[in-house]
Structures are given as C-alpha cells and as structure tokens.
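Hi everyone, thanks for coming.

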Amino acid sequence: MSEERFGEFVLVRRHGQVAELVLDRPKAMNAVSTEMARSLTAACAALAADRDARVVVLTSSHERAFCVGADLKERNSFTDADLMRQRPVARAAYTGVLELPMPTIAAVHGFALGGGFELALACDLIVADGTAVVGLPEVSVGVIPGGGGTQLLPRRVGAARAAELIFTARRVEADEAGRLGLVDQVVEAGRDRDGALALAARIAGNSPVGLRAAKRALRLGVGLELRAGLEVEDAAWRATAFSGDRAEGVAAFNEKRRPAWPGE
C-alpha cells in the first residue's frame with residue numbers, strides 16, 4: 001500500500017485499484033478550512049487523471065467524525081471580502097469530489113454535518129456505521145448548504161424530504177438515515193471503512209471503461225426527460241462498445257475466465 005500526501009490535511013492511500021481519499025485533519029474533526037479545501041481539490045485532480053484508480057473511497061482519520069463541515073472558527077475572522085475570496089476555493093473542493101470520473105464511495109462514521117455531509121453526498125454511494133449522524137444545519141447559522149446540498153439531497157430523497165431536512169436543520173442518526181435513503185448501507189459501529197473498501201473492491205473487479213461510462217450516463221441523465229436520457233445512455237454505450245474492455249469482457253465470458261481489463 002502506497003501513500004501520497006496533499007498538503008497537511010489530505011492523504012491518498014492506494015489499495016491496488018482502489019484509492020482511499022482520507023480527510024486527515026483530526027484536531028478539527030476534519031473541518032474544511034481554506035487550506036484543506038485546496039488540498040482536497042489537488043488530490044481530486046490527481047485522482048481524476050489516474051487511469052489506474054478504478055474506485056475512490058472517501059474516509060476520515062478522526063475516530064468520532066467524518067467531517068463537521070466548514071471551518072467556522074476560520075470564517076469567524078473573515079471579512080466579507082475574505083468570504084467572497086474563499087467561495088471559489090471551497091466550491092472547487094466539493095466539485096472535485098463530485099466530478100471524479102470513477103465510482104466513489106463515502107465511508108461515514110460519527111458526525112457528517114453541513115459541508116461534511118455534502119462531501120458524502122457528492123459520492124455515488126454512502127456506507128455509514130451505527131454511530132453516524134448526518135444533516136445539513138446551515139440555516140441554523142444563517143446560510144444555506146453551499147457545497148451542493150440543495151441539489152444533491154433532493155436527488156437522493158425527493159424535494160419534500162430534502163426541504164424538511166434542510167429547513168429544520170435537524171440531525172439524523174444512522175438508522176433513520178438508512179430508512180430515509182440519506183445513506184445506502186448501515187453497518188456495525190467501526191465498520192464503515194471496511195464495508196466501503198469491500199464494496200469498492202467488488203466494484204473494481206469490473207471494466208474501468210464500463211464503470212466510468214456508466215457513471216457518466218447516470219450523472220448526466222438525472223433530471224432529463226426520458227428520451228433525452230436514453231440519448232445520453234446511447235452515447236455512453238457507444239464509448240464502451242468498441243473498447244478493448246468490451247472485447248476482453250466478451251472473450252473472458254466465452255473462455256470462462258476472469259477478464260484482464262486493458263482499461264481502454
């Protein structure tokens with residue numbers, strides 16, 4: 001297993017074809033400061049360009065929190081001009097996770113609040129353990145979810161449910177989060193990372209060309225009228241149909257062996 005650090009607060013670990021993107025600011029429960037946002041953006045840019053990374057798992061090094069959101073202690077010292085300057089920096093970090101081209105899984109334990117939950121929502125799947133507490137409490141401190149929450153949450157749970165959660169600013173514990181679809185799997189306490197890595201390993205056994213094309217079709221097709229969505233799907237299918245991965249997949253099936261994906 002290899003490691004690469006991006007700044008002081010973000011770490012990437014390699015588990016073969018699975019990349020683990022670690023939020024590593026434990027002294028602040030991974031609160032997203034300006035420096036941490038820049039590091040997260042840089043790490044995502046490196047992962048997006050890495051053809052060997054088939055799946056990314058977003059994890060936390062803090063025992064009791066995934067991420068508590070924006071660094072409000074830092075923001076308390078900001079002038080209005082400082083806040084405006086920080087906005088594109090912060091937004092780039094959330095967009096970096098959201099636009100990763102390969103499947104992404106968040107491993108959530110403890111607090112995942114505000115921007116922390118938005119980082120998880122930016123992933124394709126969320127595995128949470130029994131200690132997880134999620135929510136978007138921004139209106140309770142005078143702002144709104146600004147890391148994609150007002151758009152990503154309704155795409156998960158519907159407009160009315162998202163409105164209730166955002167307007168009340170309430171925190172949701174793991175069992176209810178699972179029932180509402182705020183997370184996709186609820187596992188035993190302390191098992192979120194293991195569960196997410198196991199799921200990632202299963203996904204990584206499939207065609208990297210197929211995985212990226214399927215993610216592109218899923219993401220681009222959301223919200224489109226059906227016929228338009230089917231055109232998105234057709235374009236993604238065409239990107240795979242004449243690939244080396246498609247040829248290898250068909251050959252491996254007929255030869256009753258595991259595929260050795262060329263990834264192109």
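Helices (H or I, at least four residues) and strands (E, at least two) are DSSP runs, numbered from the N terminus.

Residues are numbered from 1 along each chain as its sequence is written. And keep in mind that this is a predicted model, where local features need pLDDT of at least 70 and side-chain atom pairs count only at pLDDT 80 or more.

Okay, strand S8, residues 125–129. S8 pairs with strand S11 (residues 185–187) in the parallel sense over 3 bridges, and there Ala-128 stands opposite Val-186. S8 also pairs with strand S6 (residues 104–108), again parallel, over 4 bridges; Ile-105 has Leu-125 in S8 as its bridge partner. So is S8 buried or exposed? Mostly covered: 4 of its 5 residues are buried, where buried means under 20% relative accessible area, exposed over 50%, and partly exposed in between (1.4 Å probe, protein chains only).

Next, salt bridges: a side-chain nitrogen of Lys or Arg within 4 Å of a carboxyl oxygen of Asp or Glu. The count by this rule is 17. One of them joins Lys-215 and Asp-124, with the closest N and O atoms 3.0 Å apart. Lys-215 sits in helix H9 and Asp-124 in the loop between helix H4 (115–121) and S8, 91 residues apart. Lys-215 is buried at 7%, while Asp-124 is partly exposed at 26%.

Last one: Glu-3, Arg-13, Glu-20 and Arg-193 are linked in a network of salt bridges.

Terms used:
Side-chain values use heavy atoms; hydrogens and water are left out. Two strands pair if DSSP finds at least two bridges between them.
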